[in-house]
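Hi everyone, thanks for making time. Let me put the model up and walk you through it.

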Amino acid sequence: MSESQVWDDVDDYFTTRLAPEDEALAAALRDSDAAGLPHINVAPNQGKLLQLLAEIQGARRILEIGTLGGYSTIWLGRALPTDGRLISLEYSSENAEVATRNIARAGLDGLVEVRVGPALESLPKLADENPEPFDLVFIDADKANNPHYVEWALKLTRAGSLIVVDNVVRGGRVVDADSTEPDVQGTRAAIELIATHPRLTGTAVQTVGSKGYDGFALARVLD
């Protein structure tokens, strides 16, 4: 048995026992596939992790940067109380249409708003609204802009808020300080920002599973 098959089998076991998908989640993946969206959504057990993190955080307000088909949005939205709010930023209007349908099918359209456009244009507009601070920010968009997304997350959160940055391993390429690839440069810059910013403390974790070799960073906002 190949190593990747072992990863898949272990993820299948964990998912079956701890993070089983219901019809709304399964349908979100089916509709995303039918619309031709790339297979880059979080795995079910990763989605459950996001939900648990939001619940542990006691999150009432969540910001997601990168909606895709709304799969991770559904996991996060299910952690919210009835008066909670999740704003998700998506570059592609086509992706946003798929996500909006998936979110509505999951019964979360009253809690979730998908905003369309480049996130670095949407974020200043969001800040101008002077929103209540977000308790959790999930960053899963274009990796070149990761440091900018972390900086905006800091502006839009409070002491104690949690920032999660997905896909930080880049297949191991993140260790290449000489890389000119935008995704590696952006990821390394985000990690350095977390490491050096006086208002952040964090760590990063490598993962293996049905999504291959990857990882995520966690950062807590300090006073």
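Predicted model: local features only at pLDDT ≥ 70, side-chain atom pairs only at ≥ 80, totals over all residues.

Residues are numbered from 1 along each chain as its sequence is written, and side-chain values use heavy atoms, with hydrogens and water left out.

Okay, the overall picture. The protein chain has 8 helices and 7 strands; those are DSSP runs, H or I over at least four residues for helices and E over at least two for strands, numbered from the N terminus. Along its principal axes, the C-alpha trace spans about 45 × 45 × 30 Å. Of the 223 residues, 48% are buried, where buried means under 20% relative accessible area, exposed over 50%, and partly exposed in between, using a 1.4 Å probe and protein chains only.

Now, contacts. Take those with a separation of 6 or more: 70% of them join residues 24 or more positions apart. Contact here means heavy atoms within 4.5 Å.

On to helix α6, residues 119-128. Which of its residues are buried? They are Ala119, Ser122, Leu123 and Leu126. Looking down the helix axis, these buried residues fall within an arc of 105 degrees, so they line one face of α6. That arc is taken from the directions from the helix axis to the C-beta atoms. On the other side of α6 you'll find Lys125 and Asp128, both exposed. And what covers the buried residues? The cover includes strands β1 (61-65), β2 (85-90), β3 (112-116) and β4 (134-139), plus helix α7 (146-155). After α6 comes asparagine 130, with a positive phi near 50 degrees.

Next, glutamine 51, which sits in helix α3, residues 44-57. Buried or exposed? Glutamine 51 counts as buried, because its relative accessibility is 12%. Setting aside neighbours within four places in sequence, glutamine 51 contacts Trp75, Arg78 and Ala79.

Last one: alanine 204, in strand β6, residues 200-207. Alanine 204 is partly exposed, with a relative accessible area of 46%. Not counting residues up to four places away in sequence, alanine 204 touches Val168, Ile191, Phe216 and Ala217.
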